Amino acid sequence: MTTTTLGAPAAPAPAPPQPHGPAAARARRKRVLHWIAVHSVAIAVALLFVLPFVFVFLTSVMSDSQAMSGDLWPDSWHWSNYKTVFETPGFLDWWRNSLLYAGLGTLFTVCSAIPVAYALAKFRFRGRRTAMLLVISTMMLPPQVIVIPMYLVWAQQFHLSGTLWPLIIPMAFGDAYSIFLLRQFLLTIPKEYIESAKVDGCGEFRTMVKIVVPMAKPGIAAIALFQFFYCWNDYFGPQIYAAQNPGAWTLSYGLESFKSAHSVNWNMTMAATLLVMAPVIVIFFFAQKAFVEGVTLTGVKG
Amino acid sequence: MALTLSNPARRRLRTLGFLSPWLVGFSVFFAYPLIATVYFSFMHYNQIKEPTFVGLRNWTYVFEQMPLFGPALWNTLWLVVVMVAVRVVFGLSLGLLITKIKTGAGFFRTAFYLPYLAPPVAATVAFVFLLNPGTGPVNEVLEAVGISGPNWFNDPDTAKPSLVMLSLWGIGDLMVIFMAALLDVPKEQYEAADLDGAGAWAKFRYVTWPAITPIVMFAVVTGVVQTMQYYTQALVAGKVASGVNIGPGSVIQPGYPDHSTLTVPQLVYQLGFQNFNTGAACVLSLVLFAIAMAVTLLLMRKRSGLLSAED
C-alpha cells in the first residue's frame with residue numbers, strides 16, 4: 001500500500017500466531033479487508049482535507065490572467081507573486097502588528113494566569129467554587145456582549161481607539177480560558193511536591209516559581225500557544241479598535257481588505273492567505289505535542 | 001510555615017494577592033461592562049450627545065420593529081443547530097476512524113488536524129475562492145464529472161451550508177478530543193462484548209457511547225456557545241463573496257447574499273459601530289448573553305467534567 005510510505009512506522013498489526021486451516025484463513029481475510037476499508041476511507045478523507053491547501057497554493061503561483069480562469073494547474077510558476085504581496089503597502093506593518101499583539105498578549109496572559117490558576121487549584125479558601133464558576137461564566141461569554149461599553153471606555157476615557165492596546169492591556173489581568181486550562185493542569189500536580197517545598201521554608205510565591213512553574217511547563221506551553229493563536233487569528237478585536245487606522249491593522253484583519261485591493265486577482269489573495277496561515281502551521285510542527293495536550297485538556301482531563 | 005498557616009487574615013491576604021490579576025480583570029473587563037450594557041439598553045445614546053433615558057423603547061424596537069432581528073436570530077439558531085450537530089457527528093466519526101487506523105496514523109492525524117489551525121479569516125477567504133461559482137476549483141472539478149455545481153456562498157440557499165462545510169474543514173479540535181475519549185474506553189469492556197458475540201453497532205451502542213457521553217455533551221455545549229458567537233467567518237464570507245470594495249469607512253450591508261449569513265453578533269456590530277444605535281445594540285447583546293448563560297448553566301448542571309476533580 002502506498003500509505004506505508006506516508007508516515008508512521010506502525011505496520012498493520014500482525015496478530016499472534018494463528019492456527020492454520022480454513023477458519024483462520026477466513027479470519028485473516030476479514031482482517032485484511034477491514035484494513036483496506038479503513039485505510040481507503042482515511043485516504044479519501046485526508047485528500048478532502050489537504051486539497052484546499054493544494055488548490056490555494058497552485059493558484060497563488062499563477063499569472064494574473066490564468067488566475068482568472070478556471071485552470072487548476074499553473075502554466076508557469078510566478079513565485080514573484082509572493083514578492084508582490086510583501087511589497088504591498090502596509091503588509092509588513094500588519095506582520096509587525098500581529099506579532100506585537102500576539103507576542104505581548106501571550107506574555108501578559110501567561111504571567112497573569114499562573115498565580116490565579118495556582119491559587120484556584122491548590123489553595124483552600126472560602127468562595128473557591130464561586131470563583132471557579134465565575135471564571136467559567138466569563139469564558140462562555142460572547143465577546144460581543146460587553147464590547148460596546150468597553151469600546152466607549154477605551155475610546156472616550158483613554159483615547160486608545162485606533163491602536164491595539166485595548167486588546168493587549170486586558171490580557172495582563174487574567175484571561176479566563178487560560179486560567180481554566182492551567183488550573184486543570186495544575187490539579188494533576190501532586191500536593192506532596194508543594195508541601196515538601198514549604199517544609200523547606202519556601203513561601204507560596206517561591207513555591208510557585210521554583211516548583212510549580214517548572215512542573216507545569218506543558219500546561220503553560222499549551223495556554224501560551226492557544227493565546228498566541230487566538231491573538232493571531234483575532235478579527236473582531238482589531239475590527240473594533242483598529243479599523244479606522246490601517247497602520248494598526250493585523251494580518252488577519254488586513255487580509256480581507258487585500259482581496260478588495262487586488263479585486264479579481266485571486267493569485268495575490270491566495271499568496272497572502274498562505275502567508276497568513278504559514279506562521280501558525282510552522283509553530284504547530286514545532287510544538288505539536290503541547291498542542292494536542294492542550295486540546296485534550298479542555299475536554300477530557302479534570 | 002506555622003506562622004503563615006496559623007494566621008487566617010494573612011492567608012486570606014495571600015489568596016487575594018494571587019487572585020488579584022483576575023479580580024481586577026473580572027471587575028473592570030467583565031462586571032463593569034455588563035452592568036453598563038444593561039444601563040445603555042434603557043438609554044438613547046448616539047455616542048456623541050449625553051445618553052437620555054427612554055425606558056423600554058430600545059427593547060420594543062428590537063423585538064417588534066427591527067427588520068433584521070428576525071433573520072439574524074434565525075440564522076444564528078440555524079447555525080447553532082445544524083453546525084453543532086454536523087460537527088459533533090463528523091468529529092466523532094473521524095475520531096472513530098483514526099482509532100481504527102493501523103498504518104500511517106500520525107500522517108492521517110496531522111492531515112485531519114492541520115486545517116483547524118488555519119486562521120479563520122484565511123480559511124474563509126480560501127473557501128470563498130475554492131467555492132466561487134465561476135472559476136472555483138470545486139465547481140471545475142464537479143463540472144469535469146458532469147455535475148453543475150451550486151453557487152455556494154453566492155446563493156442564499158447554500159451560503160449557510162457552505163459555512164458548515166468550512167467548519168467541517170476545521171474539525172481538528174473535536175477530532176482530537178473524541179480520539180482521546182475513545183482511547184480511554186477500557187479495552188476489557190470490548191473484549192467482554194466480543195465474548196458475548198456483540199456486533200460492531202452493539203459494541204458502539206452499549207460500550208463506547210455510555211463511556212463517551214460526557215465528552216459528547218461537552219462538545220455540544222461548547223459548540224453551542226462558540227456558534228452563538230459566530231462572526232468572523234460569516235462576515236468575511238459575505239464580504240468577500242459579494243465582491244464589494246470594502247475600504248475603511250465604507251458601510252456595507254452584512255449578511256450577503258440576502259441576509260442569509262447575517263448573525264446576531266454581526267447585527268450588534270452594525271448597530272453599535274455603524275449606526276451608533278448604542279441602546280438597540282446593547283439590547284441585542286443582552287439577548288446573546290441570556291442564551292449563553294442558559295447554555296452555561298446547563299453545562300454546569302450536567303457537569304461534563306468541567307468542574308470535577310475538586311481534589
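The expected span of a helix is taken as 1.5 Å times one less than its number of residues. Local features of this predicted model require pLDDT of at least 70 and side-chain atom pairs pLDDT 80 or more, whereas totals for chains, interfaces and linings use all residues. Residues are numbered from 1 along each chain as its sequence is written, with chains lettered from A and ligands numbered from 1 in the order in which they are written.

**View 1. Helix α5 of chain B and its surroundings.** Helix α5 (residues 105-117) of chain B contains 13 residues and spans 19 Å from first to last C-alpha, close to the expected 18 Å. Helices here are DSSP runs of H or I with at least four residues, strands are E runs of at least two, and both are numbered from the N terminus. Among the buried residues of α5(B) are B:Phe108, B:Arg109, B:Phe112 and B:Tyr116; a residue is buried if 20 or more other C-beta atoms, placed from the backbone, lie within 10 Å of its own. The buried residues of α5(B) pack against α1 and α14 (266-286) of chain A, and also against α4 (69-100), α6 (120-130), α8 (156-169) and α9 (172-183) of chain B.

**View 2. The contact between chains A and B.** Chain B contributes 87 residues to the contact and chain A 89, where two residues are in contact if their C-beta atoms, placed from the backbone, lie within 7 Å. On the chain B side, helix α2 (residues 8-40) supplies the largest share, 18 residues. That side divides into 61 nonpolar, 18 polar and 8 charged residues. Ala, Val, Leu, Ile, Met, Phe, Trp, Tyr, Cys and Pro count as nonpolar, Asp, Glu, Lys and Arg as charged, and the others, Gly among them, as polar.

**View 3. The two domains of chain A.** Chain A comprises domain 1 (21-83) and domain 2 (89-299), with bounds from an automatic or database domain assignment. Their C-alpha centres lie 34 Å apart. In chain A, 10 residues of domain 1 are in contact with 9 residues of domain 2. On the domain 1 side, α1 (22-60), α2 (64-67) and α3 (80-87) each supply at least two residues, and α1(A) gives the largest share, 4 residues. Chain A as a whole has 15 helices and 0 strands.

View 4. Residues 76-99 of chain B are 100% helix, with end C-alpha atoms 33 Å apart. Residues 111-131 of chain B are 86% helix, and their end C-alpha atoms lie 21 Å apart.

Technical notes: A residue is buried if 20 or more other C-beta atoms lie within 10 Å of its own, exposed if 12 or fewer, and partly exposed in between; C-beta atoms are placed from the backbone.
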